Amino acid sequence: MADMLKVTTPLINRGQINPTKQVSGPDAPPFNPIDVTRVAQVNDAGSEMLKNYGGMIDKDGKPTILMNLLKDPAVTVSFLKNIYMLEEIIQLIPMNNKAFTEEIQKMFSSLLIKPEDIASEMIKQENQATSFKGDLFDFLRGVIGINPDNDTKLSVATLLKAINHEMNRRDILDAIGNNLNYLGKSLSASRTLSDKILALSEKLRDADADENFNTLKKEVAIVLNEIEGSILYNSKISKLASITEYNLSRFNDNTDFLNQSVRNLLVMLDGNQSKNELINLVNAFMRDIKSGNMNALKNSETMDIIADIINKQDENKEIRMLNSENIDKIVYSLLSSPCNFTPLLHFIIPVNYFGLKSFAEVWIDPDGSPDENRGKSGDNKCIHMLIVFDIEGVGQFETELFVEDKKINFNLLCPPSYVETFSKLKEDFIKCISFSEYYFENIKVDKLEKTRSLLEVFKTLPHKRTGVDVKI
């Protein structure tokens, strides 16, 4: 006997009054609004947009997730320590994949650099901190210096936006492909839908994807609609779909955008020499992009190895099961790294000194205030640095420097048992910079009682993270 379907009556709010069908036609009474002057609430688009983040924006307009990360003292020292915790985890994995284990161990052994290579490694990392370097960008800075009016600034900003898009066209398409790949795997319970999404993901990785973007965009929109109508659709899938839509909006399919931007700026320039120089610089820059010769200097081997280590470990299920918490912490550290919300230079320096391992992270605010060292606020500018390093078998240290012109204020916090030892080295510190024009105004050595967060060290950081600092 076939199972009887269990049918329930729909849940209806009995107190709800259903509106009757309005009479329409030539004999219907004219529409007569009762009170057009009464407005329940003004729809503030800006406020509504912040509400849509679901608590991700605080009352000052700052992302709460990044603020929480910057308040976490572990963020300043956890990156490299967690990387090397993963090395210990690998040693616990059964040796059923010897090739993988040996590959990871080789990466770890090549990650550490020698003391004499620290300066060159920091230069390489600094060169990767921004793409706005070279003759073209020096020329654009000079243009704004000569003509600082708003029209010129807007034209330069539009050109930078066009250049940035040309540099990241492939990255945007790859990001959309990655989003779809993840969505396809998340919807593997529906084989038909999953295969369709994964196939579309591969299309976005093709070399001609940018030329066929409009067609691919329509296909992605159709697939996202199918996902929304799927029985597997949930809040997690909804967020992934929203990220995919956002990445789609980042791609500008106007193939003449760069040329238009150049023409707009040419109008602002005086003389044929300046105009020809701009055209030549843009053409040379675009040739470098297409040929892949963007960086004249070598990339940072340290950062490349760290990226490979994270990628390899993320691909291995055994490591993810044993150490998913540390991988999450590494991702949190990456989120707190420099961006428009965290305007600090960040360097990662793992050092091998005669078999002794040391892991250092350097945070630099080039527009710091010297009065932060005195607990006051001021308009003077200085270079404010925080160096946090952990020496194997010794402990954790914090070094804070304020560099104003050629004057340095130096604060060293070390493990309690080493305070007396390092206090005796003040003269040695002075000798270390005696060959240069710099000098120490003050040197303090004290014990490190607790690890400080970035917000505790860089006190002006919350103000800088609120947006563009405009003074009239």
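This is a predicted model: local features need pLDDT of at least 70, side-chain atom pairs count only at pLDDT 80 or more; totals for chains, interfaces and linings use all residues.
Figure 1. Is Ser 261 buried or exposed? Its relative accessibility is 2%, and because buried means under 20%, Ser 261 counts as buried. Leaving aside neighbours within four places in sequence, Ser 261 is in contact with Thr 158, Leu 159 and Ala 162. For one of these residues, Thr 158, the C-alpha atom is separated from that of Ser 261 by 6.1 Å, although the two residues are 103 residues apart along the chain.

**Figure 2. Phe 285 in helix H12.** Helix H12 runs over residues 272–291 and contains Phe 285. With a relative accessible area of 10%, Phe 285 is buried. Along the chain, Phe 285 and Leu 136 are 149 residues apart, while their C-alpha atoms are separated by 7.4 Å.

**Figure 3. The packing of helices H8 and H9.** Two packed helices are described by the angle between their axes and the distance between the axes. Helix H8, residues 191–203, packs against H9 at an angle of about 155°, and the axes lie 11 Å apart. Angles over 145 degrees count as roughly antiparallel, and H8 and H9 are therefore roughly antiparallel to each other. Their crossing is left-handed. On the H8 side, the contact is made by Leu 193, Lys 196, Ile 197, Leu 200 and Lys 203. On the H9 side, the residues are Leu 216, Glu 219, Val 220, Val 223, Glu 226 and Ile 227. These contact residues divide into 7 nonpolar, no polar and 4 charged.

**Figure 4. The packing of helices H9 and H10.** Helix H9 (residues 213–228) also packs with helix H10 (residues 235–250); here the angle is about 165° and the axes are 11 Å apart. That angle makes H9 roughly antiparallel to H10. The crossing of H9 and H10 is left-handed. H9 contributes Phe 213, Lys 217, Val 220, Leu 224 and Ile 227 to the contact, and H10 contributes Ile 237, Ala 241, Thr 244, Glu 245 and Leu 248. Of these residues, 7 are nonpolar, 1 is polar and 2 are charged.

**Figure 5. The largest nonpolar core.** In soluble globular proteins, nonpolar side chains tend to be buried together. The largest nonpolar core in this model has 23 residues. Those with the most contacts inside it are Ile 349, Phe 397, Ile 408, Phe 410, Leu 412, Phe 429 and Phe 440. Two or more residues come from each of strands E1 (345–353), E2 (356–368), E3 (382–391), E4 (395–404), E5 (407–414) and E6 (439–447). Which strand gives the most to this core? Strand E5 does, with 4 residues. A second, separate core has 22 residues, among them Leu 183, Leu 200, Ala 209 and Val 223.

**Figure 6. The neighbours of Phe 397.** Not counting residues up to four places away in sequence, Phe 397 touches Ile 387, Val 388, Phe 389, Ile 391, Leu 412, Leu 413, Cys 414, Pro 415, Phe 422 and Leu 448. One of these neighbours, Leu 412, is listed with Phe 397 among the residues with the most contacts inside the largest nonpolar core.

**Figure 7. The protein as a whole.** The secondary structure comes to 18 helices and 6 strands. Of the 472 residues in the protein, 35% are buried. Among contacts with a separation of 6 or more, residues 24 or more positions apart account for 64%.

Notes: Residues are numbered from 1 along each chain as its sequence is written. Side-chain values use heavy atoms; hydrogens and water are left out. A nonpolar core is a set of buried Ala, Val, Leu, Ile, Met, Phe, Trp, Tyr and Cys residues joined through side-chain atoms within 4.5 Å. Buried means under 20% relative accessible area, exposed over 50%, partly exposed in between (1.4 Å probe, protein chains only). Contact means heavy atoms within 4.5 Å. Axes are lines fitted to C-alpha atoms, for helices over the stretch in contact, and angles run from 0 to 180 degrees between N-to-C directions. Angles under 35 degrees count as roughly parallel, over 145 as roughly antiparallel, 65 to 115 as roughly perpendicular and the rest as oblique. A crossing is left-handed if the near helix is turned anticlockwise from the far one by less than a right angle, and right-handed if clockwise. Ala, Val, Leu, Ile, Met, Phe, Trp, Tyr, Cys and Pro count as nonpolar, Asp, Glu, Lys and Arg as charged, and the others, Gly among them, as polar.
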